[in-house]
Amino acid sequence: MSQNKTIAAARHPALDFVNTVDAWRDRWGPDLLVSYDDLLTWAERVDLIDSALSAHLWHHADTEPAEADAALMRVRALRTTLRNLFLAETMGEAAREEDGARLNGVLRSANHQRELRLVAGSFEWGWREGEDLDAILHRIAFAAADLLTSRNGRRDVRECHGINCGWLFLDTSRGGRRQWCSEEACGTHMRVRRFRERGGPRS
């Protein structure tokens with residue numbers, strides 16, 4: 001991630017995933033997922049996968065680089081779809097049907113890899129062993145679906161309007177009017193910019 005912004009800005013893996021483009025507004029990029037290795041590093045950092053699965057996927061990607069590149073392209077495509085879906089929520093608009101259909105397509109594929117497990121007397125969802133290179137794609141899709149379907153029971157998703165930003169975040173502020181992904185980075189930069197546009201202090 002950018003050194004000026006942190007994972008805490010998003011507070012959800014699906015939003016943090018969308019934020020793997022350093023800037024969506026004013027300019028685009030750089031893309032922080034340049035390789036499948038980058039994707040593995042990100043997924044392990046946000047606890048979407050554990051170290052054992054990461055090692056398994058790394059070996060698969062190392063022996064089948066063309067497949068890994070194709071899996072990375074599918075992940076990037078989902079990232080754009082998810083940004084569209086969450087931006088619709090941010091702007092109070094209806095999501096586009098084509099974006100919902102794309103996410104549903106990934107979910108249908110991912111559902112074949114899920115299973116119900118009994119752990120310490122309680123049922124929970126798990127993932128089958130021996131997953132392919134789309135394992136991270138599948139986890140992201142379900143994380144995003146959970147966030148989208150919890151709309152009525154959570155805070156709003158918002159877009160940062162900082163210079164060269166556009167990151168998404170859950171607005172957990174007391175008043176629900178947070179504007180920036182990071183007060184220390186984008187918030188400060190925007191206040192300095194407005195100050196300069198007004199001509200600075202008057203004598």
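Select Leu133 to begin: this residue sits in the loop between strand 2 and helix 6 (135-149). Helices (H or I, at least four residues) and strands (E, at least two) are DSSP runs, numbered from the N terminus. The model is predicted; local features need pLDDT of at least 70, side-chain atom pairs count only at pLDDT 80 or more, and totals for chains, interfaces and linings use all residues. Residues are numbered from 1 along each chain as its sequence is written, and side-chain values use heavy atoms, with hydrogens and water left out.

Is Leu133 buried or exposed? Leu133 has a relative accessible area of 5% and is buried (buried means under 20% relative accessible area, exposed over 50%, partly exposed in between, with a 1.4 Å probe and protein chains only). Now show what surrounds Leu133. Apart from neighbours within four places in sequence, its contacts (heavy atoms within 4.5 Å) are Tyr36, Leu57, His60, Ala61, Glu64, Glu67, Ala68 and Ala71. Tyr36 is 97 residues from Leu133 in sequence, yet their C-alpha atoms are 9.1 Å apart in space.

Next, select Leu118, in strand 1. Leu118 is exposed, at 56% relative accessible area. Strand 1 (114-119) and strand 2 (122-127) each supply at least two residues of the patch.

A charge sits over a ring if NZ of Lys or CZ of Arg is within 6 Å of the ring centre and within 35 degrees of the ring normal. At Phe169, the charged end of Arg178 likewise sits over the ring, 4.2 Å from its centre.

Finally, zoom out to the whole protein. How many helices and strands are there in the protein? There are seven helices and four strands, in the order α-α-α-α-α-β-β-α-β-β-α along the sequence. Of the 203 residues, 44% count as buried.
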